[in-house]
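Subject: Structure for you to look at

Hello,

Here is the structure I promised. Please open it and keep it beside this email as you read.

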Amino acid sequence: MGAKILVSACLMGHAVRYDGQAKPLHHPVLDRWQAEGRVVAICPELSAGMPVPRLPAEIERGSGRAVLQGGARVVESNGHDVTDAFRRAAENALALALETGCRYALLIDGSPSCGSGFIYDGSFSGRRRDGEGVTTALLRANGISVFCGSEIEALAAVAG
């Protein structure tokens, strides 16, 4: 059996996103990994005690790495700073990944936690920019390869 894979709970069909919805990823590779017992599902925000639904949040002035280094913050659409919760969320995801032997992660893109290719620009206007979320940055800093849903074939090529 191949390595375990940390997967965003919303991609597994759990209604845990900020808007109370899921974003299920239907793919035979994901079905196979689940049948093999290789999927470790997590919603980082939920693990940090954030509610569902919750206000949308975006990273101001940077990306996940900057948040971890103290140079950027995560704010909700009403201006409330939720940086500490997003840091806890990332730490929880890393702890789970390490505890369960995950070498890879399949996370939802665009999220201030899980984005791996893009995040939103902090203006709450729907504008995307290249960057990674807080959880993705922490996982990558600890040697865990992170992929988004549209990269599942590339992940399957390396993870089996």
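Below are notes on one helix and on the cysteines.

This is a predicted model, in which local features need pLDDT of at least 70, side-chain atom pairs count only at pLDDT 80 or more, and totals for chains, interfaces and linings use all residues. Residues are numbered from 1 along each chain as its sequence is written, and side-chain values use heavy atoms, with hydrogens and water left out.

Start with helix α6, residues 152-159. Helices (H or I, at least four residues) and strands (E, at least two) are DSSP runs, numbered from the N terminus. In α6, I152, L155, A156 and A159 are buried. Buried means under 20% relative accessible area, exposed over 50%, and partly exposed in between (1.4 Å probe, protein chains only). Looking down the axis of α6, the buried residues fall within an arc of 100°, so they line one face of the helix. That arc is taken from the directions from the helix axis to the C-beta atoms. E153 and A157 are exposed, on the other side of α6. The cover over the buried residues includes β1 (4-8), α1 (28-35), β5 (102-107) and β8 (145-148); contact here means heavy atoms within 4.5 Å. Just after α6 comes G160, with a positive phi of about 90°.

Now the cysteines. How many disulfides does the structure hold? It holds 0. A disulfide is a pair of cysteine sulfur atoms within 2.5 Å. For C10, the closest cysteine sulfur is in C114, 6.7 Å away, which is too far for a bond. C148 is in no disulfide either; its nearest cysteine sulfur, that of C114, is 12 Å away. C10 counts as buried, at 6% relative accessibility. C148 counts as buried at 7%.

Best wishes
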